[in-house]
Amino acid sequence: MPVSTPSSIRIFHIIGNETSELASVPFELPAKGFLWLACTRSYFSEQLGSLQLALQKLSGAPLVDLHVSDLLNAQLPSHYDYTSQYDLLVIRRLASTPSQVGTAALAAARRTAAAKPLNEAPRISTTPVGFAAWERVLLSVHPEDCTVRDGYARRLLQFAKTGTPPLAAEAPDLGQISDATQERLAREDKAFRNPGSSPTPGGLQPIRLPLSPADLMMRVVNIIVDNYLDLRRELSRHLDQWQSALLSPRKRIANWQALLEARLSLHQLDEICEDQRAAVQDWVDALETWPQPEAPSAQRELEALKVRSRDVLEHIERVVHHVRRLEQSTETAVQMHFSVQSNRANDIMRTLTTITAIFLPLNLIAAIFGMNFEFIPLIHKEDGFWWAMGVMAVITVALIGFFSYKRYLTRTGR
């Protein structure tokens, strides 16, 4: 197989606490450890024959045709499948994230965006990342912008070189590793430095490097899912501003299209996360059917993999719960907006009706004295005008007092 550029495919050999990057795909499996083949979708399509031959020699079983089609399909939703030789997992990740800008520029952009009103909701664009995990080989197929792959690969090589995983303060260019992931890495690193102080769920100590292809797959999936946790904060900020505008008595909503797009983004995110949850849940269920290994170290590895898989599932469920709460809050804000508008219209109509009721008897008196009769009481008297004006004033004051007593002139409290 010809040596490719590092951007199209990267090959890593992971064994214990060591990670090395290979120049090309080997045709023999190393004696220890496992291989991670991470390539772009275009490279996978162009070099499919060579990759299938390499997988046949490395794992004894190439990809079946249906799974090849799944990995090449850029519109495929998240899902899980398996054969007797390997497991296939497809997870959709965010196609465009703020990871491509510097940390300082990103912080400044967030402050600027938070300071001004928002007219458009964040655009949610996703693309699939496919994983095929054999016993000692992991194949991952990424989109052309392999920020997830490169960010995690940088972390592996950093750990192999220094023995310390890069954290947010030490490596701000971790690609698409989100704030939530970096916070989790900081906690794991603290537990790693003090193994007896902070065990993971189930009493297991955190493991810094993946012990198997399946473990590596779930770590990369966790990074993908954590980016959705950051996206929900952005959506929350946008929808909070929309809710404030909807309930403000001094603002009129004109750009309903932007609000509709925000709601559609929430529905889209809900569908994406539901597919992710179904795929990871199928993976967790499949783990329960794996035979229990006899060696204590292998049992520990399997339990750690189950814990990590459940942790990924819990992260997805958090996103789903938050998105549905945002959808409910948005629906409630829209309903309250129209209720407020209805109350305002009722106040206006009540005020106009009250004014009409006050002037109705006055118009009646004016109409009577404006009739073309020669003999009308008070019409030919010097003080007739003042008597008519006095009667009209008394009627006006009496009606205003009556309507005020009935609170017809009082606006609805806010």
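Strand S1 (residues 9–15) and strand S2 (residues 18–22) pair in the antiparallel sense over five bridges, where two strands pair if DSSP finds at least two bridges between them. This is a predicted model, in which local features need pLDDT of at least 70 and side-chain atom pairs count only at pLDDT 80 or more, while totals for chains, interfaces and linings use all residues. Residues are numbered from 1 along each chain as its sequence is written, and side-chain values use heavy atoms, with hydrogens and water left out. Helices (H or I, at least four residues) and strands (E, at least two) are DSSP runs, numbered from the N terminus.

- Within the pairing of S1 and S2, Ile11 stands opposite Leu22 in S2, and in their hairpin, which has two residues between the strands, Gly16 takes a positive phi near 60°.
- Six of the seven residues of S1 are buried, so that S1 is mostly covered; buried means under 20% relative accessible area, exposed over 50%, and partly exposed in between, with a 1.4 Å probe and protein chains only.
- S1 also pairs with S3 in the antiparallel sense, over six bridges, and the partners in S3 are Cys39 for Ile9 and Leu35 for His13.
- Strand S3 (residues 34–40) is largely enclosed by the rest of the structure, because seven of its seven residues are buried.
- From S3, Phe34, Trp36, Ala38 and Thr40 point one way while Leu35, Leu37 and Cys39 point the other way, and all are buried.
- Strand S7 (residues 137–142) runs parallel to S3 and is joined to S3 by six bridges, with Trp36 standing opposite Leu138 in S7.

**Salt bridges**

- The count of salt bridges comes to 11, a salt bridge being a side-chain nitrogen of Lys or Arg within 4 Å of a carboxyl oxygen of Asp or Glu.
- The side chains of Asp150 and Arg10 meet in a salt bridge at 3.2 Å, N to O, and this pair links distant parts of the chain, since Asp150 is in helix H5 (residues 147–162) and Arg10 is in strand S1, 140 residues apart.
- Of these two partners, Asp150 is partly exposed, with a relative accessible area of 23%, whereas Arg10 is buried, with a relative accessible area of 13%.
- Arg93 forms a salt bridge with Asp145, their closest N and O atoms being 3.1 Å apart; Arg93 lies in strand S5 (residues 87–94) and Asp145 in the loop between S7 and H5, so the pair ties together parts that are 52 residues apart in sequence.
- Arg93 counts as buried at 2% relative accessibility, while Asp145 counts as partly exposed at 27%.
- Arg308 and Asp215 meet through their side chains in a salt bridge (3.3 Å, N to O), and because Arg308 lies in helix H9 and Asp215 in helix H7, the pair ties together parts that are 93 residues apart in sequence.
- Arg308 counts as buried at 14% relative accessibility, and Asp215 counts as buried at 7%.
- Salt bridges that share partners join Arg10, Glu21, Arg149 and Asp150 into one network.

- Asp215 lies in helix H7 (residues 213–247) and, leaving aside its neighbours within four places in sequence, is in contact (heavy atoms within 4.5 Å) with Leu209, Pro210, Leu305 and Arg308.
- Leu229 also has its place in H7 and counts as buried at 3% relative accessibility; its C-alpha atom is separated by 9.1 Å from that of His322, which is 93 residues apart from Leu229 along the chain.
- Thr354 is found in helix H9 (residues 296–369) and is buried, with a relative accessible area of 5%.
- The side chain of Thr354 reaches the backbone oxygen of Arg350 at 2.8 Å, and beyond its neighbours within four places in sequence Thr354 is in contact with Phe403, Tyr408 and Leu409.

**Helix H10**

- The buried residues of helix H10 (residues 384–405) are Gly384, Ala388, Met392, Thr396 and Phe403, and they cover an arc of only 105° around the axis, which puts them on the same side of H10; the arc is that of the directions from the helix axis to the C-beta atoms.
- These buried residues pack against H9, whereas the face of H10 turned away from its buried side carries the exposed residues Trp386, Trp387, Val394, Val397 and Tyr405.
- H10 is followed by Arg407, whose phi is positive, near 65°.

Notes: Polar contact = N/O pair within 3.5 Å; in protein donor to acceptor, adjacent residues only side chain to side chain. Expected span 1.5 Å × (residues − 1).
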